[in-house]
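Please view the sequence and the structure first.

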Amino acid sequence: MTTTAEPTTLEFGKARTRKEDARLITGRSRYTDSITLPGMLHLVVVRSPLAHATITGVDKSAAEKAPGVFGVYTAADLGAEGIGLPCAWPITPDQKAPPRPLLASTTVSFAGEGVAVVVARTAGEAKDAAELVEVDYDPLDPILDMEAAAQDGAALVHPDLGTNVSATWVFDSAAAGTGDDVAAAISAAEADADSVVVRRRFRQQRLIPAFMEPRSVVVDPNGEQVTMWSSTQVPHILRTMTTVTTGIPESKLRVIAPDVGGGFGGKIGVVPEEMLTLLVAQKLHKPVKWTETRSESLLAAHHGRDQIQDLTITAKKDGTVTGLDVHLYADMGAYLGLVGPGVPVLGAFMFNAIYKIPAYKFTCTNVFTNKTLTDAYRGAGRPEATFAIERLMDELAVELGRDPLELRKQNWISHEEFPYTTVCGLTYDSGNYEQATDRAVELFDYAGLRREQEERRRNGDKVQLGIGISTFTEMCGLAPSRVLGSLAYGAGGWEAASIRMLATGKVEVITGASGHGQGHETAFSQIVADQLGVPFEDVEVLHGDTQISPKGLDTYGSRSLVVGGIAIVKAAEKVVAKAKKIAAHLLEASEDDIEFNAGQFTVKGTGQGKAIQEIAFAAFMAHDYPEDMEPSLDSDAVYDPENFSFPHGTHLAAMEVDTETGRVTLRHYVCVDDVGNVVNPLIVEGQVHGGLAQGIAQALFEEANYDDQGTLVNGTFVDYTLPSAADLPSFTTEHVSTPATSNPLGVKGVGEAGTIASTPAIVNGVIDALRHLGVKNVEMPCTSQRVWRAIQDARGTATQETPVDTHSPGAGLGSIDPNNPQGEIQ
Amino acid sequence: MIPSKFDYVKPASVDEAVRALVDAGEDAKILAGGQSLLPVLRLRLAAPSVIIDLGGIPELRSISEDGDRIAIGAMAPHHDVMRDGLVTQHVALLAQATATVADPQVRHRGTLGGALAHADPAGDLGAVALALEAEFVIVGTSGTRTVTAADFFVDYFTTAIGEGEILTQVRFPKYTGWVSHYEKFNRTAQAWSMCAVAAALKVDGGTISEARIGLTNMGTTPLRAPGVEAALVGQAATAEVVRAAAEHATEGTAAPSDADAAADYREHLARVLTGRAVLTAVG
Ligand SMILES: Cc1cc2nc3c(=O)[nH]c(=O)nc-3n(C[C@H](O)[C@H](O)[C@H](O)COP(=O)(O)OP(=O)(O)OC[C@H]3O[C@@H](n4cnc5c(N)ncnc54)[C@H](O)[C@@H]3O)c2cc1C
């Protein structure tokens, strides 16, 4: 018996530092690229520089003769011409889903698409040889504008489909019986002198997930089971989908996600390189590794967002919102990603947000273009929706001459109204928007900043102040399986867990969630420590290997705690139930007289008892246990959530805008989030801070720019401007708690909240600073140049068009010299 | 990402380095801090056959006083330059501009000579060298020559350093007692300049007696702003004078257009930043 320590207080709520960090920050982590197997070969993908072209020839001969090369393969050489990667989300029965090849054979459909692979002894030799592969292309006109592409008569990305529209998905509250008819609401408002109709178009620019660890795959084909290591968020889904794609029996494949350095949705896909590495390894009977370069990652890993939003909101002049109509174009890129088409659909239920909107309609047109595909990126659909409604509420407030916070208050669901069924038919179980808002307003000094804003306006200060508001909610904890079924999603939404009580009293927890930076090992240990009454240090959390964790649906959509964590609680309850039987047996008492508290089974009213570790040992010895049970405490559980989780919060941003240069500075950011009960406040704070940085980055810094040939022009971190800590202030983050009623821990998701909430707060703040100058909109990212042009436009000063097809300065990669377009140094 | 194959030599003296350079022919590249060269190699935008690393020549790192000049070895890292007492005392503008370059990691590796030899028009140090009329000491097989800043910067990524030559030292006149400021405008805190203005002024009893203004990223090379300088000299350092003088900032410039800033916006920035640089310098 090796009990480490007596647990004294509850672990739940403790701000523990993360147990995984020691290995992650001292270089003792194991990423996929750290794996080196005997005899391993390296694979490099030859990618198309053109966005749209016919392949007229591939000459491999020089590459095949290069030093160290084992093979150069096209799709035909690998027998992969008939293989298409799966899309797991047919959002409509007639959704058009062109086969997504592992390598392009006849036509390339986006710049960065693979055409061939080179396999060599070293990565350097493979890269050298890849440059010798001669691919001949006949260029085709690229189709790049999603709106134009959706029109009849547009040139086609996939001529076989006869259209660039993949699917049109509609939610209509009148048809669903969850609300009124929005068309009627709009015509009524138009006819009513006492109503207003506000129409706006917003653009969600294309973003790059920019996870820290580039993607990497290692496949070892030797042994009875093929082993695939991948830098993925979804080892379980990857295993199933690899079977679906290549036909390898699921039982013959073991997938391992070792330490994974971030994903943000960017590693939720099942990608060509994973399948290619497998096929080549099987063909050569040797382990093979593929690791992408950063530029490859920016170019070819899926992107996020990229929507055009046409919005109509109607309201009574007293401020009561009466209807909301949403029309989206969503750019899918050249093919459909694993869940790409469903991303806007996830947003469909969130445009109404925290507001009581009686009539609502959502129409989304998913469009193909010759660009990199889009798929989930932190928030996936919900940031887009939140941006739209929070920007609209500000626009409506201006139209009505109301304080934007007051207008929100007037329309939101008050805390007495929970549980509340929305116009989308979702039931929000709990929330208290008043509480979060009141606290945020107080921390922010809303009234004081409004006064300062007034003063600066009056003085005509060079630097103006704007106040940005976002009172968001989101749906996460993906997801009740039946709901996913009703949306035609290709999987369930449950999660699995197992708990093994070891002979020595230690505990192994196996989860189907697959952490990649979130802190699961810490948070889950805290939960189990409380459930079983064992010390935190005695709990080991195992995950990310289909041989250790055979069942699971992985990590995305802020689901790990609210679904995976609850599965762990259910498994722990079963362990305790079994242990109680054995305790009763050993203590010669009736089970009804046994109480369990803080790891001790005691007989009511006596001092007699046994620790859970003693029971575990007794079960292991199995010398003396009840007749009617097996000698084991180990338990499994699969938990299917009954509802989504609905975190919410109020985010306030003080934005300073230098009207001379257009530079935007975030002076102060306050958010008060309600994520229900908090397992570990430190982890919650970390998630909120990181999430804020990513959401603010969309508002101010990031955009994947394509030129008119379909070339990604900012494909390095010199040009794709990610903010660093130096660009952001210290955030003021707090939380209030209205426990979720849909799960036994009362927890809600937090992984995406900051990203979803912050983007509109920032943009609302920028526009609020300039509204009095006549500025009505600034597209994202609100760069200094965009802001400056918006001010000039408002003043009626004509300025020049901004080119997007040139590189930015820096590192000899840009400062484009017309005679030296590659920026090559002489 | 992996560069193409190259040979690597690390000479122990300038003479050896020059010989290695001549032996290798036009395919050789000098390696200083590698902060600009390595990205280019890794992206395979360049594939030299030989890399000659100047890191083994200690005297190229020295910073010393040489009469009325401060002589800075080409291999002095940014980090050393910005903290050196001689530099902060006599060439404060250089220290100020160097402090805005990238981040601490890059500043520990990147060198003054490397930055100037690289001659990226978005680089921050060229405008300073030009405005402060630095001299460039260049060594080749035929000996040592000295080139003025005005002659050093030729075009995009092109300087007066010839084939088989090495930049060994940059010599700055002393600007002891001058006031100065480097006003940089960029997308993110650690990004390159979209536009920046270097200003050094001698102010005697409230009157500007001398002015040096340099512009970053307003053409294919760093530029001087003689119109601004002329408008400042002999004037009182008032906001009005400075604003009027700053209107001359774009004379003779050829602002590039890129995604961060089209030419008209850059020109606007140059004027605004010139005003701010001068006003901040004079306090
Ligand atoms: C992330 C990042 C951000 C940056 N931001 C900025 C910035 O904001 N402002 C800025 O000014 N710079 C910036 N830089 C560039 C930095 O200043 C570099 O240090 C500099 O441009 C090159 O110096 P180096 O010593 O690294 O030279 P290297 O990269 O080693 O060499 C650059 C070029 O100069 C040649 N060369 C070097 N030394 C000599 C010599 N003695 N004689 C002849 N030729 C020589 C090389 O052959 C090569 O062609 C940034 C760099 C990075 C990586």
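A:Cys424 is buried, with a relative accessible area of 7%, where buried means under 20% relative accessible area, exposed over 50% and partly exposed in between (1.4 Å probe, protein chains only). This is a predicted model, in which local features need pLDDT of at least 70 and side-chain atom pairs count only at pLDDT 80 or more, while totals for chains, interfaces and linings use all residues. Residues are numbered from 1 along each chain as its sequence is written, chains are lettered from A and ligands numbered from 1 in the order in which they are written, and side-chain values use heavy atoms, with hydrogens and water left out.

A disulfide is taken as a pair of cysteine sulfur atoms within 2.5 Å, and by this rule the count over all chains is zero. The table sets out two cysteines.

| Cysteine | Relative accessible area | Closest cysteine sulfur |
|---|---|---|
| A:Cys364 | 1% | A:Cys87, 13 Å |
| A:Cys424 | 7% | A:Cys364, 14 Å |

For A:Cys364, the 13 Å to the sulfur of A:Cys87 is too far for a bond.

Chain B has twelve helices and 14 strands, which are DSSP runs (helices H or I, at least four residues; strands E, at least two). The radius of gyration of chain B, taken over C-alpha atoms, is 19 Å, close to the 19 Å from the globule rule (2.2 Å times the number of residues to the power 0.38) for 283 residues, so chain B is as compact as a globular protein of that length. Its C-alpha trace spans about 60 × 45 × 30 Å along the principal axes, and 58% of the 283 residues of chain B count as buried.
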